[in-house]
Amino acid sequence: MKHRNKTALTGRVPQAADKTSRAAAKIDNQLGSNKMASDLENVDTAIEASKKIVVSREKEIGESAEYPKGPVGLDIGTSHIVMAQNKGKQIQTVKQLNAFFTIPYSKFTKKILVENDISFYEKDDLFYILGFSAENFAKMFNANTRRTMEQGLLSARENEGITVLKSIINTLIKGSPGKNEIICFSVPGAPLDNLNSVVYHESIIKMYLTSLGYKPSSINEGLATVMSELANDNFTGIGISMGGGMCNVCLSYLSVPVITYSIQKGGDYIDTMVGLSVGENATTIKSIKENDFTLAAPPKNRVETALEIYYIELVRTLLKSLETTLRKTDKIPKINTSIPIALSGGTVLPNGFKELFKKTMQEVDLPVNISTIRIADDPLNTTAKGAMVMALSEEI
Ligand SMILES: Nc1ncnc2c1ncn2[C@@H]1O[C@H](COP(=O)(O)OP(=O)(O)O)[C@@H](O)[C@H]1O
Ligand SMILES: [Mg+2]
């Protein structure tokens with residue numbers, strides 16, 4: 001399966017990011033190749049797009065899916081699926097919850113669901129309610145929604161997981177029959193701490209997007225962070241996406257992913273462990289974490305203390321894994337200068353996260369020098385934006 005491992009932007013390696021056209025013209029003269037010039041123009045467009053601001057929104061219940069015009073970036077995350085498109089001066093993203101809920105079939109209920117524009121499908125005497133609608137049902141039943149993915153990959157526990165995931169993607173994008181629009185979707189790096197492979201997950205999604213009429217390619221989630229955030233650093237640095245199910249890491253040199261991996265711990269792990277420690281359910285903890293919690297002030301109660309403890313533990317595990325992985329590889333580029341780290345994903349959102357990360361950095365001895373640590377402009381939309389930047393560069 002093709003990863004985004006190819007050297008998509010290497011035509012401009014020695015150039016600063018905004019000098020691509022000149023490089024293109026030069027190569028064009030040398031090779032007499034118009035194709036090369038137009039390829040590099042696409043890269044220029046992609047780099048420009050990576051500097052645009054993101055305008056994001058949630059998919060509204062009842063709102064129909066779009067027929068995308070132009071290349072699409074798709075972040076397929078454990079918690080959310082985010083679609084990004086390049087529209088004028090902005091990148092626009094639309095988000096759907098990657099969750100479902102089942103209720104028993106009845107003709108009466110079906111009519112009510114249809115009238116209320118709920119996204120669902122029926123199978124084996126059940127209605128499968130999709131996306132944000134599922135959350136509302138789960139609240140009414142005081143139960144949890146079910147997930148199509150677990151720890152960053154298709155869930156092995158849910159028989160219907162694949163069908164539901166496809167249907168949720170389909171609430172965001174309609175097919176592209178005959179048009180073959182380019183779609184670039186995010187895939188995790190191979191998990192360090194598990195035998196699980198991303199091949200199955202990636203293949204299933206690729207087959208589905210092909211069946212919808214798209215031309216799909218995949219991008220490593222850590223690289224997507226680099227593509228979105230590190231344009232001014234010539235796409236050289238470490239991108240880390242810290243989501244619900246996992247953390248994804250990519251060391252990129254001039255947009256080439258040199259090292260990629262994931263650990264299957266993230267925000268969900270914090271919720272579960274804090275819940276177990278203080279005797280609350282994980283959903284309650286998640287809500288406290290997302291709404292009232294800060295790492296910038298001392299904890300005020302038992303839950304906040306536990307949240308801080310598990311945040312520290314997650315960041316420590318991540319940084320230790322980075323140290324070990326970088327130390328044992330023979331692939332580290334011999335970079336003389338310092339490189340930045342860009343952090344994205346919902347787990348980096350609490351105030352004080354950057355400071356916690358910086359402080360924990362002192363516990364490890366990385367074999368590369370780090371210049372700055374940056375939080376992404378819009379951490380929940382970074383992966384989709386980075387995937388879209390890559391999709392733009394591939395436009396024909
Ligand atoms: N404001 C917030 N503060 C802390 N954590 C948050 C916040 N918003 C979302 N999260 C957490 O971020 C994770 C989801 O991040 P996201 O990047 O959407 O993940 P995924 O890639 O798994 O879909 C969840 O664990 C969620 O609880
Ligand atoms: Mg994600």
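**Exercise 1. Burial in helix H8**

Determine which residues of H8 are buried in this predicted model, and identify helices that cover them.

*Solution.* 
Step 1. A residue counts as buried if 20 or more other C-beta atoms lie within 10 Å of its own. In H8, this applies to Gly 267, Asp 268, Tyr 269, Ile 270, Asp 271 and Val 274.
Step 2. The cover over these buried residues includes helix H9 (282–291) and H10.

**Exercise 2. Span of H8**

*Solution.* 
Step 1. Just after H8 comes Gly 279, with a positive phi of about 70°.

**Exercise 3. H8 against H10**

Classify the packing of helix H8 (residues 267–278) on helix H10 (residues 302–328) from the crossing of their axes.

*Solution.* 
Step 1. The two axes come within 9 Å and cross at roughly 135°. That angle makes H8 oblique to H10.
Step 2. The crossing of H8 past H10 is right-handed.
Step 3. On the H8 side, Tyr 269, Ile 270, Met 273, Val 274, Ser 277 and Val 278 take part; they meet Arg 302, Val 303, Ala 306, Leu 307, Tyr 310, Tyr 311 and Leu 314 in H10.
Step 4. Sorted by class, the contact of H8 with H10 has 11 nonpolar, one polar and one charged residues.

**Exercise 4. H8 against H9**

Describe how H8 and H9 pack, giving angle, axis distance and handedness.

*Solution.* 
Step 1. H8 and H9 pack at about 115°, and their axes are 8 Å apart.
Step 2. H8 passes H9 in a right-handed crossing.
Step 3. H8 contributes Ile 270, Asp 271, Thr 272, Val 274 and Gly 275, while H9 contributes Ala 282, Ile 285, Lys 286 and Lys 289.
Step 4. The residues of this contact of H8 with H9 divide into four nonpolar, two polar and three charged.

**Exercise 5. Burial in H7 and H4**

State how many residues of helix H7 (residues 221–229) are buried, and list the residues reported as buried in helix H4 (residues 132–140).

*Solution.* 
Step 1. Nine of the nine residues of H7 are buried; among them are Glu 221, Leu 223, Met 227 and Glu 229.
Step 2. In H4, the buried residues are Phe 132, Ser 133 and Ala 134.
Step 3. The cover over the buried residues of H4 includes strand S1 (53–58), strand S4 (90–97), strand S5 (99–104) and strand S7 (126–130).
Step 4. H4 is followed by Asn 142, which has a positive phi near 50°.

Terms used:
Residues numbered from 1 in each chain as written. Chains lettered and ligands numbered in written order. Predicted model: local features only at pLDDT ≥ 70, side-chain atom pairs only at ≥ 80, totals over all residues. Axes fitted to C-alpha atoms, helices over the stretch in contact; angles between N-to-C directions. Helix = DSSP H or I, 4+ residues; strand = E, 2+ residues; numbered from the N terminus. Parallel < 35°, antiparallel > 145°, perpendicular 65-115°, else oblique. Left-handed = near helix turned anticlockwise from the far one by under 90°. Contact = placed C-beta atoms within 7 Å. Nonpolar A, V, L, I, M, F, W, Y, C, P; charged D, E, K, R; others polar. Buried ≥ 20, exposed ≤ 12 C-beta atoms within 10 Å, placed from the backbone.
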